[in-house]
Amino acid sequence: MSSFTEMKGKVAALDRTNVDTDQIIPKQFLKRIEKTGFGQYLFYDWRYKPNGELNDDFELNDPDNEGASILIANENFGCGSSREHAPWALLDYGFKVLIAPSFADIFKQNCLKNGILPVVLLEKDVSYLLKKASGQEYELTVSLEEKRVYDDQGFEAKFDITPYWYNMLLNGWDEIELTLQLEGSIKVFEGKHLEKII
Amino acid sequence: MGKTIIEKIWEKHVVHREEGKPDLVYIDLHLVHEVTSPQAFSGLRMKKRSVRRPDLTFATMDHNVPTINRSEINDPVAKNQMDTLRDNCLEFGIPLADLDSPEQGIVHVIGPELGLTQPGKIIVCGDSHTSTHGAFGALAFGIGTSEVEHVLATQTLWQTKPKTLKIEVTDCLAPGVSAKDLILFIISKYGVNFGTGYVIEFCGAAIRKMSMEERMTICNMSIEGGAKASLVAPDDTTFAYLNGRKYVAQGDAFLDKILEWQQLSSDEDAVYDHSIEIEGDAISPMVSWGTNPSMTAPVTDRVPYLNECDTDTEKKSLERALSYMGLEEGQPITDINVTKVFIGSCTNSRIEDLRAASEVIKGKKVAPGVEAIVVPGSQQVKKTAEAEGIAQVFIEAGFEWRESGCSMCLSMNADIVPAGEHCASTSNRNFEGRQGAGARTHLVSPAMAAAAALHGHFVDVRSMAGITV
């Protein structure tokens, strides 16, 4: 995983609640066996009309949002299926930070494991940012180190992240590598535990 | 202070605890399928890592598989994914219920069926409906592919101890009302994210009276309320179900297991982070009308009016849902016509589900213009249904009788609902495009799906003469 410290980027607004992972990456694109190349299918059924033409009404197709690396959405973003193809698609499309009032549990974990930063902000702050980023170009800076989101017009909000993920992301550590260092503890636990379970 | 069953299972699995970190918990059973595993195996290979406990891992293929003509897989990308799982299982020594195995089926149907799912275990799978296994008093939750790789490599996961939510369902469900109606009712009342951050314990008289299969239906859909896991404390119903299954201890060893499993219940003075009480006998058969599982109403009710929305966000979301579903505000549920019926999925494809649906259609015919399919959850369910004559009842009524798999629940295979058509479906998600681009899904119980197949629109199964489901 690559490390995350601070970034400034263009913001795209998706003012919808309960955006599920079926929308983020529809099932017909889950058959690939690689982690790469999913960006072209991100929000496919919303981005394209049934005839394959670009859907101009969809928020991300607004030219103002071209090259956006921060996505702002409404509550319960990423609900539904556990498919990690959803964060893979968001990352491949260019999103490094997601901001919402809340995220679904499995999706949030999947983002963190791929170095995407899910930022939970208060509903009033999200509403403000959704307005700011709708219909015009808008940029935000996200600092993980300072746990702070701000723009150059005076907006600022702090966010929370567990100490565990704060360190994992800042350092870009490989979680499996860290766990394997505990092999001794796993082995001792396993010896006692499996006698009872199997 | 007493402990909940959730805390008891958790504490038994903590391998490593350290300030400022989640707990490292041990995983007793890892179920694997073809869609969310290939990248995990590639990751292992890239780092030259092995599978730590292939003996605690079990694989099958279900999401992609055809439900007709299994010998010929026409989709080369899907075929590649299935071949990849087969190769990975062979390379890493993981047992696989392959496409031609009598044990093949939906991963959440075969786990319990084979007795792999047992009380007190922590069970994971790269699939959000892993919560199903909680019906046995196991702590079971869905994970992403990175976590699949982590479990393959270490047999552990870093997990934050969840909050606990008690849902007590009193009395018993009325005749014609099923476990599916109960869970749809709960989600319609509390929304699609009330359970975020929690593990739910379902308890109360109505739950105690339920069969294992009914409990599985309820736990299956807890994720649709945001809870990645839910469970029911094991009891005699659980033990009777497990007795004699392939991977369960036999004879005296089984009796020892029961003694151990009987310890798995919440203490009387256990404290939950949150509690909810539901009156079981007040629930009606439910039908989802919108594009998430909380957009659901009793069959006797109607679609909401826009002016009933409390906020602008809610109104916008209702407008979107009505437009996608092709429905009018205030439209009665029984006025919604269906042209597709799907009986299947990890929510409702077990033998009791098929029995309930077949009771409704026995001696009757599917309405003209309706295409109805039954996809049993596993080869074992299929075989049992054929032996009981249930398959014949479906076929004579005009249903198609298919091979086992996830099928039209997520339509990764060829079983797709065409754009604009309404489908009465016993599955778990009515998201936009879930059953096909533009498809309009209505979540219902097996009996309600069967009734809709006969009438070409939703009807209250309780009003059908002679129905005792």
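Predicted model: local features only at pLDDT ≥ 70, side-chain atom pairs only at ≥ 80, totals over all residues.
**View 1. The annotated cysteines of chain B.** An unreviewed UniProt entry puts the annotation "binding site" on B:Cys346, B:Cys406 and B:Cys409. These residues are spread over 64 residues of sequence, yet they cluster in space, with a largest C-alpha distance of 8.6 Å. B:Cys346 is in the loop between β15 (340-343) and α12 (351-361) of chain B, while B:Cys409 belongs to the loop between β17 (400-401) and β18 (422-425). Why does B:Cys346 count as buried? Because B:Cys346 has 27 C-beta neighbours inside 10 Å. B:Cys409 has 29 such neighbours, so it counts as buried too.

**View 2. Who touches the cysteines.** Residues up to four places away in sequence are left out here. B:Cys346 touches B:Ile106, B:His108, B:Val109, B:His129, B:Thr132, B:Asn220 and B:Gly377. For B:Cys409, the partners are B:Gly344, B:Ser345, B:Ser427 and B:Asn428.

**View 3. The largest nonpolar core.** This core has 200 residues, and those touching the most other members are A:Ile72, A:Leu98, A:Ile99, B:Val341 and B:Ala453. Which helix gives the core its largest share? That is α15 (residues 446-455) of chain B, with eight residues. Domain 1 (5-274) and domain 2 (288-463) of chain B each put in at least three residues. Zoom in on A:Ile99 and you find contacts with A:Ile70, A:Ile72, A:Val119, A:Leu121, A:Val126, A:Leu129 and A:Val149, not counting residues up to four places away in sequence.

**View 4. Helix α4 of chain A.** Helix α4 (residues 105-113) is mostly covered, with nine of its nine residues buried. After the helix comes A:Gly115, with a positive phi near 80°.

**View 5. Where chain B meets chain A.** The contact takes 55 residues from chain B and 45 residues from chain A. Elements of chain B that each supply at least two residues include β1 (14-16), β2 (23-26), α3 (76-92) and α11 (312-325). The largest share of the chain B side comes from α5(B), with seven residues. By type, that side divides into 17 nonpolar, 28 polar and 10 charged residues.

View 6. β1(B) and β2(B) pair antiparallel over two bridges, and B:His16 stands opposite B:Leu24 in β2(B). The two strands form a hairpin with six residues between them, and B:Gly20 in the turn has a positive phi of about 85°. β2(B) also runs antiparallel to β8(B), joined by four bridges. In that pairing, B:Tyr26 stands opposite B:Thr156 in β8(B).

Terms used:
Residues numbered from 1 in each chain as written. Chains lettered and ligands numbered in written order. Buried ≥ 20, exposed ≤ 12 C-beta atoms within 10 Å, placed from the backbone. UniProt positions renumbered as here; feature names shortened; annotations may be inferred. Contact = placed C-beta atoms within 7 Å. Core = buried A, V, L, I, M, F, W, Y, C linked by C-beta atoms within 7 Å. Domains from an automatic or database assignment. Nonpolar A, V, L, I, M, F, W, Y, C, P; charged D, E, K, R; others polar. Pairing = 2+ DSSP bridges.
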